[in-house]
Amino acid sequence: MNTSWKLQDAKAKFSQVVENALKTGPQYVTRRGQEAVVILSVKEYKKITTKKPTLKEFLLNCPKMDDGFEFERQKDCPRDIEF
């Protein structure tokens, strides 16, 4: 399948360009030999434009531990290193 289209071809076969974007992924349109635009499905567009939380927001929204939660440290001794 063609993923790069000259502008005049993309205009003439716009339905095919859209169909390819839905089925196979982004379609690149060139103008005067240079990439000009990309046509992609709404699903792909939303995937790249959806606001992702900052690290701070992510950490603040993590599930909280109970007050009584305790964890045990491993009691393994460090290995001996010779210098």
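**Note on the surroundings of Q27**

1. Leaving out residues up to four places away in sequence, Q27 touches N2, T3, W5, V17, N20, A21, V37, V38 and I39; contact means heavy atoms within 4.5 Å. The structure is a predicted model, in which local features need pLDDT of at least 70 and side-chain atom pairs count only at pLDDT 80 or more, while totals for chains, interfaces and linings use all residues. Residues are numbered from 1 along each chain as its sequence is written, and side-chain values use heavy atoms, with hydrogens and water left out.

2. Q27 belongs to strand 2, residues 27–31. Helices (H or I, at least four residues) and strands (E, at least two) are DSSP runs, numbered from the N terminus. With a relative accessible area of 0%, Q27 is buried; buried means under 20% relative accessible area, exposed over 50%, and partly exposed in between (1.4 Å probe, protein chains only). The side chain of Q27 reaches the backbone oxygen of G25 at 3.0 Å. A polar contact is a pair of N or O atoms within 3.5 Å; within protein, one must be able to donate a hydrogen and the other to accept it, and residues adjacent in sequence count only if both atoms are side-chain atoms.

3. Which residues of helix 2 are buried? In this helix, residues 14–23, they are V17, N20 and A21. Seen down the helix axis, these buried residues fall within an arc of 100°, so they line one face of helix 2; the arc is that of the directions from the helix axis to the C-beta atoms. S15, L22 and K23 are exposed on the other side of helix 2. The buried residues pack against strand 1 (4–6), helix 1 (7–12), strand 2 and strand 3 (34–39).

4. The largest nonpolar core has six residues: W5, A10, V17, A21, V29 and I39. Such a core is a set of buried Ala, Val, Leu, Ile, Met, Phe, Trp, Tyr and Cys residues joined through side-chain atoms within 4.5 Å. In soluble globular proteins, nonpolar side chains tend to be buried together. Apart from its neighbours within four places in sequence, A21 is in contact with Q27, I39, L40 and S41.

5. S41 sits in the loop between strand 3 and helix 3 (42–49). A relative accessible area of 10% makes S41 buried. Not counting residues up to four places away in sequence, S41 touches A21 and L22.

6. Three strands form an open sheet in the order 1-2-3, with mixed pairing. Strand 1 and strand 3 stand at the edges, each with a single partner strand, so one side of each is left without a neighbour in the sheet. On average, neighbouring strands of this sheet are turned by 35° against each other, direction ignored; axes are lines fitted to C-alpha atoms, for helices over the stretch in contact, and angles run from 0 to 180 degrees between N-to-C directions. Two strands pair if DSSP finds at least two bridges between them.

7. How do the bridges divide, and what is their direction? Strand 1 and strand 2 run parallel and are joined by three bridges; S4 stands opposite Y28, and K6 stands opposite T30. Strand 2 and strand 3 run antiparallel and are joined by five bridges. In strand 3, I39 is the bridge partner of Q27, and V37 is the bridge partner of V29.

8. R32 is found in the loop between strand 2 and strand 3. The hairpin of these strands has two residues between them. Phi of R32 is near 55°, a positive value in a residue other than glycine. At 78% relative accessibility, R32 is exposed.

9. T3 lies in the segment before strand 1. Is T3 buried, exposed or partly exposed? T3 counts as partly exposed, at 37% relative accessibility. Not counting residues up to four places away in sequence, T3 touches P26, Q27 and Y28. The C-alpha atoms of T3 and E35 are separated by 12 Å, and the two residues are 32 residues apart along the chain.
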